[in-house]
Amino acid sequence: MISEPAKSLQPHVADEKILVTRPFMPPLEEFTRGLREIWDNQWLTNNGPVLQRYTRKLTRYFQNDNLSLFNNGTLALQIGLQGMNITGEVITTPFTFVATTHALYWNKIRPVFVDIEPDYYTLDPQKVEQAITPWTKAILAVHVFGYPCKYRALADIARRYNLALIYDAAHAFGVRVNGKPIGNLGDLSMFSFHATKLYHSLEGGMLLYKDQGLKQKFDYLRNLGFKSETRVDMPGTNARMNEIQALMGEQVLEYLDEIISRRKKLYELYRQELEQVPGIGFSPELPGDVQASYAYVPVRVDEKSFGMSRDDLYTRLKKYNVFTRRYFYPLICDFACYRHLSMTDPLTTARRVADQILTLPIYDKLEEEDVVRICEIIKHIQKNTDCT
Ligand SMILES: *Cc1c(COP(=O)(O)O)cnc(C)c1O
């Protein structure tokens, strides 16, 4: 063994900014061919032919006819909650993107935040059960980072207390549970097709649900409540997906397997390079019934054993042109607009995780050598904590 020099050589700064993600771009010629079709149709939105074809393809992929598309995930979730007549209190996680909670707010529902479990950062079923009151109507759980929630335990609680079980699956497109695409768990699942997600349609959202009767309602709610040319049956909103979004979604779907296998390679490389670094922690291997999509690379930085706080590492990485993100910090309950909500759960795990979590860059065009370099920079920063 060659002993490490006290100060390792400065790894070189990336020539270009390495961002936490970049969208998958289908080949331009393919997209142009699709645009030609849209130009010929002269039909840009309002349930056009491309959207109809795309809906059929997704229906086949998910093996579920109860599927509705929207212009983004936030409105999809808002409409999902509205369509299911959820009111009162909903038990949810503070460790998520703000849109999860905003969707409750827009339905005048009171969010009740409870703690997460420390392995995959999803809702802790035991804490959920403790937070149930006579006003609780639903559980809104998040497959955060694409890690499936404790779905069996949550389903059991929902059944025993007669609660609706709703999943924010915004991170989970491409994840499979028991060989089937995630999305058929619970009563309803929302997916986001935003450009920053592993799978995207520029922007877009989707609901998958159990109750076939909801389909018609979602159609009305996303299209201003129009039943016919002269009839408006409910005060809906405008949440329609347009033809260009549908075209992007249709084309990216063709590359889904490729995107996932590319990310798997990069994820495993990160793991191999960083697993032995003191103070850098990965989630445990997922259970055998889960096929991951490797949408994110969340690691936890333990200040004591790493020798530096997560925030300092995050700041230092920027100097090397490596732009990580602190998903999800701060917790939703700490944002000014939700701070007034009273809580009984101290959210011990969520607070610790929010202070330690760092998501590292991953996208299909990221090179293996970039991953190795990012890992070398992290190790270098650790050895030189005294430098600024
Ligand atoms: C992205 C995201 C959303 C919102 O989706 P949009 O399509 O951007 O509106 C909701 N929840 C979570 C957890 C997300 O990451």
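This is a predicted model: local features need pLDDT of at least 70, side-chain atom pairs count only at pLDDT 80 or more; totals for chains, interfaces and linings use all residues.
**Entry 1: helix H7**

I started with the buried residues of H7, which pack against strand E1 (67–70), H3, E8, strand E9 (205–209) and strand E10 (226–228). Here contact means heavy atoms within 4.5 Å. Residues are numbered from 1 along each chain as its sequence is written, and side-chain values use heavy atoms, with hydrogens and water left out.

Which residues of H7 are buried? I found Leu214, Phe218, Tyr220, Leu221 and Arg222 in this helix of residues 214–222. Buried is under 20% relative accessible area, exposed is over 50%, and partly exposed is in between (1.4 Å probe, protein chains only). Helices (H or I, at least four residues) and strands (E, at least two) are DSSP runs, numbered from the N terminus. Just after H7, I noted a positive phi of about 60° at Leu224.

**Entry 2: the ligand**

Next I looked up the ligand, which has 15 residues around it; the closest are Thr74, Asp168, His171, Ser192 and Lys197. To be near, a residue needs a heavy atom within 4 Å.

I then listed some N or O pairs (a polar contact is such a pair within 3.5 Å):
- The side chain of Asp168 has an N or O atom 2.7 Å from a nitrogen atom of the ligand.
- For His171, a polar side-chain atom is 2.7 Å from an oxygen atom of the ligand.
- The Ser192 side chain places an N or O atom 2.7 Å from an oxygen atom of the ligand.

Taken alone, the ligand exposes 380 Å², and the protein buries 93% of that; these areas are Shrake-Rupley values with a 1.4 Å probe. Helix H3 (73–83), helix H4 (98–105) and strand E8 (188–192) are the elements that give two or more residues to the shell around the ligand.

**Entry 3: His171**

I went back to His171, in the loop between strand E5 (164–168) and strand E6 (176–177). Is His171 buried or exposed? It is buried, at a relative accessible area of 8%. Its side chain also reaches the backbone nitrogen of Phe145 at 2.8 Å. Beyond four places in sequence, His171 has contacts including His143, Lys197, Tyr296 and Phe328.

**Entry 4: Ile244**

Last, I checked Ile244 in helix H8 (residues 243–254). Ile244 counts as partly exposed because its relative accessibility is 27%. Not counting residues up to four places away, Ile244 touches Phe31, Leu35, Ile38 and Leu202. Ile244 and Val50 are 194 residues apart in sequence, yet 8.3 Å apart in space, C-alpha to C-alpha.

Definitions and conventions: A polar contact is a pair of N or O atoms within 3.5 Å; within protein, one must be able to donate a hydrogen and the other to accept it, and residues adjacent in sequence count only if both atoms are side-chain atoms.
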